[in-house]
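Subject: Structure for you to look through

Dear colleague,

I am handing over the structure that we talked about, and I would be glad if you kept it open while you read my notes.

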Amino acid sequence: MNSLRFDELRGEQVDYAIHRQERTFLPTREHCPLCPTRPGATSSPEREPTEIPVPAFEIAVFDNRFPAFEPPLGAAEVIVYTDDHDASFGTLAPRRAEELMWVWRHRYRELGAREDVDYVFIFENRGVEVGVTLHHPHGQIYGIPFLPPVPALELVADERLGGCTPCALLARELEDGRRVLIENDAVVVFVPYAARWAYEAHVVLRRHRASLLECEPAELAGLAAALQSLTRGYDALFERRFPYVMVVHQAPTDGLRRGHLHVEFYPPLRTADKLKYLAGAEQGAGTFISDTLPEESAAALREAIARAG
Amino acid sequence: MVSDRPGADPRELAGGSRAGQDAQRHGGAAPTPRGEPPDGGMAPAPRSEPRPREREGPLAIARSRKGDGRALILYSDARTGDEAG
């Protein structure tokens with residue numbers, strides 16, 4: 001059983017999910033648990049059904065077999081983007097990527113309605129560099145039974161600035177222009193002024209939308225298009241599969257409509273073959289030391305995004 | 001899961017509903033976006049069989065349970081059917 005312990009020194013929760021030590025770790029392609037189940041599957045270890053017991057599917061969501069959160073204190077789901085083992089978010093058909101936004105929306109609504117979920121946290125870890133254990137394109141959704149620290153900081157920023165911080169930052173980025181990567185009718189993508197990661201990017205809804213539930217269909221389509229364009233640009237940047245952590249920040253599910261829907265990317269690469277590690281300053285002092293300027297990273301990313309198309 | 005800080009402050013989701021939450025945990029369907037009763041008032045479907053389809057935007061939703069009881073939701077493009085029919 002999972003358990004939470006409160007760290008009084010830092011004022012934050014720590015989640016203990018010790019059964020996750022046994023989770024599937026980098027299986028061979030033939031044993032990928034997120035692929036569709038082949039016809040003729042049996043209970044034998046060599047031909048057992050996968051997590052998705054159908055021969056083909058579009059998008060699948062299921063309860064994580066190794067949950068970080070579980071009832072009665074939260075939930076942990078896996079969201080499989082496609083039955084194509086070799087695809088990625090960026091290479092999905094645009095229509096499928098748009099549908100993925102609707103799935104996010106559906107899970108936000110449903111998990112957010114639960115008494116034991118205060119924050120619906122949608123994310124994707126991509127690449128072994130960020131700890132991925134399954135290569136099949138997928139993300140995860142945690143129904144967290146408390147408001148986690150990072151989204152909470154964003155709400156504190158709203159109080160400090162006396163208004164919506166993402167709205168204010170978006171206006172500043174558009175006025176400056178040097179760090180803007182992508183614009184469409186629905187969203188703007190930029191390397192933030194105070195980016196911590198070399199190629200960090202934020203994807204922000206132009207209009208103030210607290211959550212996916214407030215988005216018009218065209219905004220969901222625009223969000224999907226921008227996310228795909230960015231991830232394809234990432235892969236083009238160093239002409240390699242680009243690792244990242246992608247997180248969706250939106251309103252806590254307390255009904256107060258706080259927050260502004262946006263997606264943040266934290267890629268660990270600082271060059272084609274060098275990783276940024278979180279070491280003494282970052283872990284012990286909470287201060288990021290960056291080796292790159294956001295304006296220079298943005299210029300390189302813009303070129304890569306244009307090249308990727 | 002257990003917590004050493006019980007007594008979290010569960011709050012109501014604006015415009016949403018907590019109804020059906022217990023049903024969900026036991027294999028039932030969540031309230032639909034339009035507020036219809038789950039499954040149109042029909043009795044819950046047996047475990048492991050696909051449930052009658054709901055919709056979310058352009059998606060058709062099929063719910064079932066895996067052998068160990070975990071929920072599985074399959075989403076498919078419902079627009080193809082709309083366009084065809």
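Predicted model: local features only at pLDDT ≥ 70, side-chain atom pairs only at ≥ 80, totals over all residues.

Residues are numbered from 1 along each chain as its sequence is written, and chains are lettered from A and ligands numbered from 1 in the order in which they are written.

The sheet

Helices (H or I, at least four residues) and strands (E, at least two) are DSSP runs, numbered from the N terminus, and two strands pair if DSSP finds at least two bridges between them. Twelve strands form an open sheet with antiparallel pairing, in the order β7(A)-β8(A)-β9(A)-β11(A)-β10(A)-β5(A)-β6(A)-β4(A)-β3(A)-β4(B)-β3(B)-β2(B). Its edge strands, each of which pairs on one side only, are β7 (180-183) of chain A and β2 (54-56) of chain B. From one strand to the next the twist averages 20 degrees, where angles run from 0 to 180 degrees between N-to-C directions and axes are lines fitted to C-alpha atoms, for helices over the stretch in contact.

Strand β4 of chain A

A residue is called buried if 20 or more other C-beta atoms, placed from the backbone, lie within 10 Å of its own. Six of the six residues of β4(A) (residues 75-80) are buried, so this strand is largely enclosed by the rest of the structure. In a regular strand the side chains alternate between the two faces of the sheet. Here A:A75, A:E77 and A:I79 point one way, whereas A:A76, A:V78 and A:V80 point the other way. Strand β3(A) (residues 59-63) runs antiparallel to β4(A) and is joined to it by four bridges, with A:D63 having A:E77 as its bridge partner. β4(A) also pairs with β6(A) (residues 138-144) in the antiparallel sense over six bridges, and there A:V80 stands opposite A:H138 and A:I79 opposite A:G139.

The helices of chain A

Helix α2(A) (residues 149-161) has 13 residues and reaches 18 Å from its first C-alpha to its last, close to the 18 Å expected, the expected span being 1.5 Å times one less than the number of residues. One of its 13 residues is buried, so α2(A) lies largely in the open. After α2(A) comes A:G162, whose phi is positive, near 70 degrees.

The axes of α4(A) (residues 217-237) and α6(A) (residues 294-308) come within 7 Å and cross at roughly 105 degrees. That makes α4(A) roughly perpendicular to α6(A), a term for angles of 65 to 115 degrees. Residues are in contact if their C-beta atoms, placed from the backbone, lie within 7 Å, and among those that meet are A:L230 and A:L237 in α4(A) and A:L301 and A:I305 in α6(A).

Chain B

Chain B has two helices and four strands, which follow the pattern β-α-β-β-β-α along the sequence. Buried residues make up 15% of its 85 residues.

With best wishes

Methods
Buried ≥ 20, exposed ≤ 12 C-beta atoms within 10 Å, placed from the backbone. Parallel < 35°, antiparallel > 145°, perpendicular 65-115°, else oblique. Contact = placed C-beta atoms within 7 Å.
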